[in-house]
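User: I have a chain open and would like to talk it through with you. Could you start with the secondary structure and then go on from there?

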Amino acid sequence: MIQENPITYSSTGVNYDAMDPFKRNAQQEAKKTSGNLERFGFTEVERSRGESAFVIDEGDRYTAHVVEGLGTKNLVADEVRKIRLQDQSDIAYNTGRITRNTYYDKIAKDNVAMIINDLLTVGADPVVVNAYCAVGSSDWFDDEERSNDLTRGIREAVDEAGAVWGGGETPTLKGIVNPETIDLAGSAYGVIKPKERLTLGDKLKPGDAIILVGSSGIHANGLTLARTLAENISKKDEVSLAEAYATQISDGTMYGEALLEPTHIYASLIRDLFESGIDIHYMANITGHGWRKIMRCEKDLTYNIERIPQPQPIFEFIQQESGNDDYEMYGNYNMGAGFAIFVPREMVEDVLKIGGENHGFDMLHAGQVEEGPRQVNIKPLGLTYGAETLGVR
């Protein structure tokens, strides 16, 4: 049931209308430095500005570069770690008890996935990932089990992406980062070779099919709202925050653990599609801005969605507790679709087969690109997002 005063994403302090102008201004300032590439004999691919990754033309190949961050998902892990599972049906909270599962291996995968999946959208094959782990106090690393889970998780995720972990930075930022937490982010470098694999939307056209690749759940976007809901449950039921995260959702799992389901990494899928001769026209990582990201390409085209995946129970719970309508939910969350791939209609069956049989992803031929104004129409829900709702350029 939709509440009169829903708890929206912007009301929790994450307002894209406030952030996007800064991003656009930063792009304009950054563009003024592009001439410095000339001394290397390189040029920037100007139309990549405003996309999920920045692309440089190095002559025989393109290279792509990304910086991304995890956000606040690790705060959920810190609370869920306090929950002790006594058996399959009885969940109890024990003050001071710490489970052996720190969840930081999953958090690490989320962080790497946020970086890698953005890099993939321009057709890049990831080469190097660097990690950024900032703390407010060096005491954070005294918990060896948690630290080891984090480093192992980073290594496993980078390996899954087919890249190398090159290094990183671990600053202690007293007074900036909470001493009990860690700020996780990172960067990646990838290669686009042959150059025909560049996917900046040049080939995107009416008639192209829209294929949605299933998500694992919330991924790593929208956690500020999700955390606010747990805080509200804690106050309303007069329980600890950890106990609030132990709330069961419709499929019987704990709210907190459902939030911590790690983000899919789509690198092997995209690599397989290219190597199988699939002519990918465009790709979009459905993260912040939700399904509005489907129209990230700056062309004036209409994206008509005829079929939608069934969102995971975590989204049902968030919608119920927040009182948000479908417009707010699909405008900010992935709602079961983590990645969008745009291909010629005649290649749809091959893409579905490769994604499903070779990689085990839920694949859906969701709709098609058509002539018209730049907008996303989710027809089964009667929702339309116009170009003015996506101000990332």
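Analyst: The protein chain has 11 helices and 15 strands, where helices (H or I, at least four residues) and strands (E, at least two) are DSSP runs numbered from the N terminus. This is a predicted model, in which local features need pLDDT of at least 70 and side-chain atom pairs count only at pLDDT 80 or more, while totals for chains, interfaces and linings use all residues. Residues are numbered from 1 along each chain as its sequence is written, and side-chain values use heavy atoms, with hydrogens and water left out.

User: What's the strand order in the open sheet of seven strands?

Analyst: The order is β10-β12-β9-β13-β11-β14-β15, with mixed pairing; two strands pair if DSSP finds at least two bridges between them. β10 (282–285) and β15 (383–386) stand at the edges with a single partner strand each, so one side of each has no neighbour in the sheet. On average, neighbouring strands of this sheet are turned by 20° against each other, direction ignored.

User: How many bridges join β10 to β12?

Analyst: Four bridges join β10 to β12 (residues 337–343), and the two strands run antiparallel. Met 283 has Ile 341 in β12 as its bridge partner.

User: Switching topic: is Thr 263 buried or exposed?

Analyst: Thr 263 is buried, with a relative accessible area of 2%; buried means under 20% relative accessible area, exposed over 50%, and partly exposed in between (1.4 Å probe, protein chains only). Thr 263 lies in the loop between α7 (255–259) and α8 (267–275).

User: What is Thr 263 in contact with, beyond its neighbours within four places in sequence?

Analyst: Leaving those neighbours aside, the contacts of Thr 263 include Lys 73, Asp 110, Asn 117 and His 219.

User: And what about the chain overall?

Analyst: Buried residues make up 55% of the 393 residues in the protein chain. Of the contacts with a separation of 6 or more, 81% are between residues 24 or more positions apart.

Terms used. Contact means heavy atoms within 4.5 Å. Axes are lines fitted to C-alpha atoms, for helices over the stretch in contact, and angles run from 0 to 180 degrees between N-to-C directions.
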